[in-house]
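Good morning, colleagues. Please look at the structure on the screen while I go through a few of its elements.

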Amino acid sequence: MTARTAEAGTARAQGRARGRTQGQAHGLGTLPVLDVDALIDDPGTRIVVCCGSGGVGKTTTAAALGVRAAERGRKVVVLTIDPARRLAQSMGLTELDNTPRRVEGVDGVPGGELHAMMLDMKRTFDEIVEAHTDPERARAILENPFYQSLSAGFAGTQEYMAMEKLGQLRTDDEWDLIVVDTPPSRSALDFLDAPKRLGSFLDGRFIRLLTAPAKAGGRAGLKFMNLGVSGLSVFTGLLNKLLGTGLLRDMQTFVAAMDTMFGGFRTRADATYRLLQAPGTAFLVVAAPERDALREAAYFVERLAADRMPLAGLVLNRMHGSEAAHLSAERALAAAENLEEDGIADQPTGKDGDERPAPRSASGTSSGDGSGADVGHDGSPSSPTTAERLAAGMLRLHAERMHVLARERRTRDRFAALHPEVPVAEVAALPGDVHDLDGLRAIGGRLAEQPGVEPA
């Protein structure tokens with residue numbers, strides 16, 4: 001570890017300690033506060049993985065982190081596995097593909113750059129084949145129908161290729177920081193299982209079951225698999241109907257061509273898995289202040305802990321606030337009711353002949369004309385009843401906002417009670433969607449501006 005890395009790590013720990021103490025002073029209970037700038041400024045942080053359920057702003061968070069880190073002097077690439085196109089649109093790119101593309105308009109500390117890319121599962125698989133076999137064998141694999149089916153959509157392939165691409169980016173050592181935007185929902189953590197799942201498929205019993213009869217030939221192969229002739233015929237017949245004729249021949253050709261690569265798949269994936277567990281990696285769980293989203297966040301936190309993955313903290317997006325939080329919902333509703341009652345009381349004589357106070361002018365004197373309209377200083381009529389109704393309506397809106405705030409805080413506090421050790425960064429909701437770099441900068445600023453965290 002270099003002296004610079006050690007100093008940055010110490011500063012990061014001190015920043016978190018400040019955040020924890022100051023966060024308690026700002027009414028955040030025992031929640032430690034996540035210092036995002038300390039995280040992305042630390043040269044020891046090389047990979048940040050954003051995970052979370054769908055619709056919580058995970059892609060936007062990943063992009064905002066990339067923009068902020070680049071403008072603070074780091075060379076960043078954002079890799080999205082989510083097929084949505086929001087990332088490209090917000091960065092001003094017409095498209096994203098399997099090659100990192102430079103994002104223009106990101107200005108900051110000299111040396112800072114931002115690139116973005118979207119995982120192309122099949123292209124990544126093709127690149128692996130081309131890089132680890134000779135041209136003739138590579139062509140045979142790429143043209144094989146079974147390979148084409150496997151690389152285009154076999155369950156688990158996308159997650160495995162995400163591991164491969166992340167490993168490639170890290171091995172190239174071209175980037176100071178890699179930000180990974182994972183797919184939505186719990187499948188976002190499936191890539192943690194990718195080495196075992198795809199490796200088990202490629203060199204497991206399924207492949208042996210389908211290829212052993214063809215390799216061994218005759219009844220010896222059938223006895224080896226403990227299958228009768230009729231049973232095997234039914235089994236292979238069903239697979240031929242599902243995947244097309246000539247399945248066994250295609251698979252045998254595929255296995256023969258890929259035989260030398262199987263060990264490499266597992267070796268590289270295992271290396272990437274260990275990389276994710278290393279100190280240079282940080283996982284950020286992204287959620288919204290809603291019960292279901294935070295339940296998913298709790299699942300992510302527990303799964304990461306079980307796999308010994310380094311969790312940096314929770315990003316709680318779209319938190320609501322108010323400049324008049326000192327006015328409680330109860331007081332606001334009581335004031336609204338009083339205004340509405342006073343408005344009724346100030347109406348002119350009713351049909352039942354009851355006397356009611358005459359409306360008052362802006363000067364506080366009765367208009368005295370029995371018309372029910374107030375008269376201002378300039379003699380023009382005014383409508384205090386309308387103003388009272390407007391004020392009452394605003395008070396009721398404020399009360400609704402206070403109820404939302406209270407519900408969000410209760411939900412947040414329930415998560416904190418279950419996971420008091422997880423640092424949290426709260427991001428205030430924006431009035432609209434994020435469509436450009438300025439919007440991403442605004443999100444990045446809100447990520448960094450946490451109670452008790454001193455601006456860098």
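This is a predicted model: local features need pLDDT of at least 70, side-chain atom pairs count only at pLDDT 80 or more; totals for chains, interfaces and linings use all residues.

Strand β1 (residues 47-51) and strand β6 run parallel and are joined by five bridges; two strands count as paired if DSSP finds at least two bridges between them. Helices (H or I, at least four residues) and strands (E, at least two) are DSSP runs, numbered from the N terminus. Residues are numbered from 1 along each chain as its sequence is written, and side-chain values use heavy atoms, with hydrogens and water left out.

Within this pairing, Cys50 stands opposite Leu284 in β6. Five bridges also join β6 to strand β7 (residues 311-319), again in parallel, and there Ala287 has Leu316 of β7 as its bridge partner.

How many residues of β6 are buried? Seven of the seven residues of β6 (residues 281-287) are buried, so the strand is largely enclosed by the rest of the structure. Buried means under 20% relative accessible area, exposed over 50%, and partly exposed in between (1.4 Å probe, protein chains only). Thr281, Phe283, Val285 and Ala287 cover one side, and Ala282, Leu284 and Val286 the other.

Let us turn to helix α3. This helix (residues 58-71) has 14 residues, of which 12 are buried, including Leu65 and Val67. Just after α3, Gly73 takes a positive phi of about 105°.

Terms used. The expected span of a helix is 1.5 Å times one less than its number of residues.
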